[in-house]
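Student: Can you walk me through how the helices pack in this one? Please keep it short.
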Amino acid sequence: MNPRGWTAAFAAAALAGCTAAPPVRQTGAAHPTIVSLNPCTDAILGEIAPPGQVLALSHYSRDPAASSMSVARAQRYGTTGGTVEEIAALAPDMVVASDFIAPATRAALTDMGIRVETFGIASTVTNSRAQVTRLAELADRQREGAALNARIAAAVAPVADAPVSTVLWQPGGIVPGDNTLATELMARAGLASLSVQRGLRQADYLSLERLTVDPPRLLLVAGNERGQRHPALRGIPGMEVARFDPSLLYCGGPTIIRAMKRLREIRAQLSTLPPAGGAGGEPPTLSARAEAHPAATNFAVGAASLAAPPVDGRGG
């Protein structure tokens with residue numbers, strides 16, 4: 001038995017009785033076996049490859065608060081916390097992870113002869129479709145990858161309607177910047193980012209005070225901060241408020257299809273109320289009271305990026 005085989009056998013014995021049995025491994029060498037440590041690659045693999053080939057997905061995908069795919073679909077696959085011991089026990093041909101994979105983990109897997117491929121954060125539709133193509137090629141599932149990309153292309157077809165002034169208010173009270181996937185999807189759905197128009201950058205903080213004096217036509221609330229639940233939001237003339245699932249913000253791939261469906265639904269349901277103050281023109285001046293508020297003072301201070309992943313990452 002080669003060293004990799006001895007390592008896998010030892011790890012499997014050590015973990016026996018405390019780890020769920022992995023899916024039945026595919027027979028034949030046509031498709032490499034894979035373990036995914038990244039919820040964004042989880043979501044893609046869940047669309048293009050079966051459990052017999054994908055031996056485990058990251059534990060994030062079984063958590064409704066963190067998953068970028070159907071939890072029911074994720075439960076068809078094995079799961080892993082991403083430790084070297086768990087991966088060694090599964091003995092995959094390849095591990096896919098985010099760019100944020102720990103160097104020590106990557107080195108240990110490489111030493112065992114396990115190929116490691118990493119994926120960054122998809123910042124555009126084009127970038128996301130390229131990642132689907134690359135992962136499909138790695139999995140030898142080119143046909144399935146092409147089919148997924150065709151669905152994404154259909155989902156992101158731009159609308160012909162006039163753009164609606166919109167703010168996407170993310171968890172932590174921050175907004176997406178220009179040249180981000182979220183802003184591109186909004187534009188394709190006929191929603192123009194007011195925060196970008198006002199010069200806010202990726203992960204800049206938007207205070208309730210600033211929002212109320214310069215409101216958009218549509219406010220998409222994806223967070224649950226105190227200000228994002230304030231009753232004053234419902235009383236701003238000309239502004240409509242809709243909830244947006246934050247799980248639609250984290251990944252590209254098939255998540256784009258769900259995000260576009262939701263954005264189009266919201267755009268189609270807008271009433272014929274007159275536009276709010278943020279629908280165009282110069283931004284109004286903050287009142288003295290708003291300027292004195294600590295949140296308004298911190299308006300231009302960039303918060304930690306929502307896209308920054310935890311240890312195993314949320315790239316892709």
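Tutor: Start with a term: angles under 35 degrees count as roughly parallel, over 145 as roughly antiparallel, 65 to 115 as roughly perpendicular and the rest as oblique. Helices (H or I, at least four residues) are DSSP runs, numbered from the N terminus. Axes are lines fitted to C-alpha atoms over the stretch in contact, and angles run from 0 to 180 degrees between N-to-C directions. This is a predicted model, where local features need pLDDT of at least 70, side-chain atom pairs count only at pLDDT 80 or more, and totals for chains, interfaces and linings use all residues. Residues are numbered from 1 along each chain as its sequence is written, and side-chain values use heavy atoms, with hydrogens and water left out.

Student: OK. At what angle do helix 2 and helix 6 pack?
Tutor: About 60 degrees, with the axes 10 Å apart. Helix 2 covers residues 39-48 and helix 6 covers residues 125-138. The two are therefore oblique to each other.

Student: Which residues of helix 2 and helix 6 meet?
Tutor: T41, I44, L45 and I48 from helix 2 meet V132, L135 and A136 from helix 6. Contact means heavy atoms within 4.5 Å. By class, that contact has 6 nonpolar residues, 1 polar and no charged. Ala, Val, Leu, Ile, Met, Phe, Trp, Tyr, Cys and Pro count as nonpolar, Asp, Glu, Lys and Arg as charged, and the others, Gly among them, as polar.

Student: Next pair. How do helix 6 and helix 7 cross?
Tutor: At roughly 165 degrees, with axes that come within 8 Å. Helix 7 spans residues 142-155. So helix 6 and helix 7 are roughly antiparallel. Their contact includes V125, R129 and V132 of helix 6, and Q142, G145 and L148 of helix 7. It divides into 6 nonpolar, 4 polar and 2 charged residues.

Student: And helix 7 with helix 11, what's the angle there?
Tutor: Roughly 20 degrees, and the axes come within 9 Å. That makes helix 7 roughly parallel to helix 11, which is residues 255-269. L148, R151, I152 and A155 in helix 7 meet I256, I257, M260 and R264 in helix 11. This contact of helix 7 with helix 11 has 6 nonpolar, no polar and 2 charged residues.

Student: Switching topic: what sits over the ring of F119?
Tutor: The charged end of R134, 4.1 Å from the ring centre. A charge sits over a ring if NZ of Lys or CZ of Arg is within 6 Å of the ring centre and within 35 degrees of the ring normal.
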